[in-house]
Amino acid sequence: MALAAASSAAQQGRIEERFSERASSSILLVYDGQRVEPGLERILLAALERAYADLVRDFGSGPVEKVVVVVYAERDFQTVTHAPSWADGLFDGKVRVPARGITGVTPELLSVLRHEMTHSFVHFRTRGRAPTWLHEGLAQLEEGKAAAPFAPALSSAYAARGTFGLSALEGGFASFSASQARGGYAISLAAAEMLRDTRGFGALAHFLDRLGEGGRVEEAMRAELRADYRRLESDLADWLSRRAR
Ligand SMILES: [Zn+2]
């Protein structure tokens, strides 16, 4: 879930030096060969390939370089990433996910992999310049989540404060408490879903490209999404009120 700067290279090196690798044309899977059951790495790589193909359909293209996916045993994931306790995956240039015992590709593991792989697509497309709300919103959409369950709570928060505080979610969520993170993820998901529904994924892809050219977030928004933060928030409030009924 979380986005983070790369963590201690020394610590990663110690844990990953015994790892095995398996590559396809678009993905490099790095895994703990002593903990992954024999044959499972092929199933994992095939699942990653399917997720990658789905993302290429939405985004139009994938990263130029292979997406590196590192699968850790649960304990090693915490040691290497120092991820907040609420995170069930991490993207810091590589996709890093913990897997309990790694005995199968569960639906939960698949949705974490789809989520984190979306971060690598967004990161590549924007050259690392995407605001966090856009990263987390698109990642949750690609996971298959929808904002409807959060609509009543988000609508009443907006009614009380007059803002969703979206512009304050451009930076990372890593320092957030679990409840702040939940709120941040819900708003991010709703914003991305509203933009997909009202502007289309094509416009979102152009928005990503525009961000990659280095302009300010709001300039790119005006150019590609017919909105600044104020307009985006009022569109979001309207869109949510239709879902909160
Ligand atoms: Zn995320």
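Visitor: Let's start with proline 38: buried or exposed?

Guide: Proline 38 counts as exposed, at 82% relative accessibility. The cut-offs are under 20% relative accessible area for buried, over 50% for exposed and partly exposed in between, with a 1.4 Å probe and protein chains only.

Visitor: Before we go on, what should I know about the model and the numbering?

Guide: This is a predicted model, where local features need pLDDT of at least 70 and side-chain atom pairs count only at pLDDT 80 or more, while totals for chains, interfaces and linings use all residues. Residues are numbered from 1 along each chain as its sequence is written, and side-chain values use heavy atoms, with hydrogens and water left out.

Visitor: Back to proline 38, then. Where does proline 38 lie?

Guide: Proline 38 is in the loop between β3 (27-31) and α2 (40-59). Helices (H or I, at least four residues) and strands (E, at least two) are DSSP runs, numbered from the N terminus. The C-alpha atom of proline 38 is separated by 39 Å from that of glutamate 193, 155 residues apart along the chain.

Visitor: And serine 85, where is that one found?

Guide: Serine 85 sits in the loop between α3 (74-81) and β5 (90-91). It counts as exposed, at 73% relative accessibility.

Visitor: Changing topic: how many salt bridges does the structure hold?

Guide: There are 13 salt bridges, a salt bridge being a side-chain nitrogen of Lys or Arg within 4 Å of a carboxyl oxygen of Asp or Glu. One of them joins aspartate 92 and arginine 96, at 2.9 Å, N to O.

Visitor: Are those two buried or exposed?

Guide: Aspartate 92 counts as buried, at 14% relative accessibility, and arginine 96 counts as buried too, at 2%.

Visitor: What about arginine 196 and aspartate 197?

Guide: Their side chains meet in a salt bridge of 3.5 Å, N to O. Arginine 196 is partly exposed, with a relative accessible area of 32%, and aspartate 197 is partly exposed at 40%.

Visitor: Which helix holds arginine 231 and aspartate 235?

Guide: Both lie in helix α10 (residues 229-244), four residues apart, about one turn of the helix. Arginine 231 is partly exposed at 41%, whereas aspartate 235 counts as buried at 16%.

Visitor: Which residues are linked in a network of salt bridges?

Guide: Asp54, Arg57 and Arg114 are linked that way.

Visitor: OK, domains. How is the protein divided?

Guide: Into domain 1 (2-126) and domain 2 (132-244), with bounds that come from an automatic or database domain assignment. The contact between them takes 16 residues from domain 1 and 21 residues from domain 2, where contact means heavy atoms within 4.5 Å. The C-alpha centres of the two domains lie 25 Å apart.

Visitor: What area is buried between domain 1 and domain 2?

Guide: About 1800 Å², of which carbon and sulfur atoms give 62%. Buried area here is the accessible area (1.4 Å probe) that two parts lose on being put together, summed over both.

Visitor: And how many salt bridges and polar contacts cross between them?

Guide: The count is one salt bridge between domain 1 and domain 2. As for polar contacts, six residue pairs turn up across the interface, both residues at pLDDT 80 or more. A polar contact is a pair of N or O atoms within 3.5 Å; within protein, one must be able to donate a hydrogen and the other to accept it, and residues adjacent in sequence count only if both atoms are side-chain atoms.

Visitor: Which element gives the largest share of the domain 1 side?

Guide: That is α4, with nine residues on the side of domain 1 that touches domain 2.

Visitor: One more. What does the side chain of histidine 135 do?

Guide: A polar contact of 3.0 Å joins it to the side chain of histidine 119. Histidine 135 lies in helix α5 (residues 132-143) and counts as buried, at 5% relative accessibility.
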